[in-house]
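This briefing is meant for a reader who is meeting the structure for the first time. Please keep the sequence and the model in view while reading the points that follow.

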Amino acid sequence: MNRTDRLYALVEDLRAISPRCRSARELAKRFEVSARTIERDIIALQESGVPIYAQPGRKGGYAIDKKMSLPPLNFTPAEAVAIAVALSRAGDQPFGRQARSALRKVVAAMPGREGELARELARRVRMVTPAAEPGAEIQPLGGEGISRAIEEALQRRRVLRIDYADAKGALTSRDVEPGVFLGGRGGFWYLVAWCRLRDDVRVFRLDRIASASVIAERCPDRPLERFSTDIPDMFVHGTMLD
């Protein structure tokens with residue numbers, strides 16, 4: 001068991017027996033590590049805000065305040081990224097630092113594999129600064145199901161088949177390999193993808209995508225740097241989970 005999984009398991013173990021406690025020796029035996037390692041893990045959890053406290057005495061140990069802990073539910077990678085996107089769009093808001101701290105705790109509590117999937121998906125959702133001028137409205141995300149199809153393709157790393165209208169309204173059908181979901185200036189959202197029709201990276205504005213469907217073919221591995229876009233006067237940054 002790696003350290004991230006062990007920290008999550010420690011919290012869940014203490015939560016399950018709360019308000020009873022377990023000693024460092026008991027926890028060390030359960031997780032097959034030394035008592036000193038358990039003590040370091042507990043300190044790390046306390047410093048991150050997990051409400052674990054020590055009960056003194058011969059029958060003492062570590063306990064968690066059950067009322068202060070998350071119930072035994074799991075956020076999906078997409079849900080964690082959705083929270084990160086909402087926070088990134090909010091900018092410098094009251095309690096913004098605390099909101100980002102709460103997000104880090106949510107991700108830390110996710111099982112190891114789910115947490116890694118969330119981080120990978122977050123790297124593929126990026127925002128442009130400034131995301132919108134003051135007073136600008138969020139623009140439509142395109143036709144029904146367009147955004148959901150892109151989300152699914154990004155999560156499953158699948159090829160997307162789209163019908164796309166250019167600035168003059170001419171419609172073309174093409175298969176694309178989704179790379180980055182990009183929130184842009186003026187409230188528009190874009191899909192940055194490898195276009196097989198043009199054999200190059202192209203940027204597609206969501207409100208110009210007439211239809212989108214996920215096909216079974218898996219996308220080949222392409223470094224994220226291939227999908228970097230050169231947009232003047234804008235700074236592109238990823239959604240942060242950690």
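Arg22 is found in the loop between helix H1 (3–17) and helix H2 (24–31), where helices (H or I, at least four residues) and strands (E, at least two) are DSSP runs numbered from the N terminus. The model is predicted, so that local features need pLDDT of at least 70 and side-chain atom pairs count only at pLDDT 80 or more, while totals for chains, interfaces and linings use all residues. Residues are numbered from 1 along each chain as its sequence is written, and side-chain values use heavy atoms, with hydrogens and water left out.

**Around helix H1**

- Arg22 counts as buried because its relative accessibility is 18%, given that buried means under 20% relative accessible area, exposed over 50%, and partly exposed in between (1.4 Å probe, protein chains only).
- The side chains of Arg22 and Asp13 are joined by a polar contact of 2.6 Å; such a contact is a pair of N or O atoms within 3.5 Å, and within protein one must be able to donate a hydrogen and the other to accept it, while residues adjacent in sequence count only if both atoms are side-chain atoms.
- Leu14 belongs to helix H1 and is buried, with a relative accessible area of 0%.
- Between the C-alpha atoms of Leu14 and Asp65 there are 9.0 Å, although the two residues are 51 residues apart along the chain.
- Ile64 has its place in strand E2 (residues 61–64) and counts as buried at 1% relative accessibility.
- The C-alpha atoms of Ile64 and Arg20 are separated by 8.4 Å, and these residues are 44 residues apart along the chain.

**Aromatic rings and a charge**

- There are 2 aromatic pairs, by a rule in which rings of Phe, Tyr and Trp (its six-membered ring) pair if their centres lie within 6.5 Å, with planes under 30 degrees apart counted as stacked, over 60 as edge-to-face and the rest as tilted.
- Tyr164 and Phe204 make an edge-to-face pair, with 4.9 Å centre to centre and 80 degrees between the planes.
- Because Tyr164 lies in strand E4 (residues 158–165) and Phe204 in strand E7 (residues 200–205), this pair ties together parts that are 40 residues apart in sequence.
- Tyr164 counts as buried at 10% relative accessibility, and Phe204 counts as buried at 2%.
- Phe181 and Trp189 also form an edge-to-face pair, 5.4 Å centre to centre with 75 degrees between the planes, and both residues are buried.
- The charged end of Arg222 sits over the ring of Trp194, 4.1 Å from its centre, a description that requires NZ of Lys or CZ of Arg within 6 Å of the ring centre and within 35 degrees of the ring normal.

**Backbone angles**

- Most residues other than glycine have a negative phi.
- Glu32, in the loop between H2 and helix H3 (35–47), has a positive phi near 55 degrees, and at 73% relative accessibility Glu32 counts as exposed.
- Arg157, in the loop between H7 and E4, likewise has a positive phi, near 55 degrees, but Arg157 is buried, with a relative accessible area of 11%.
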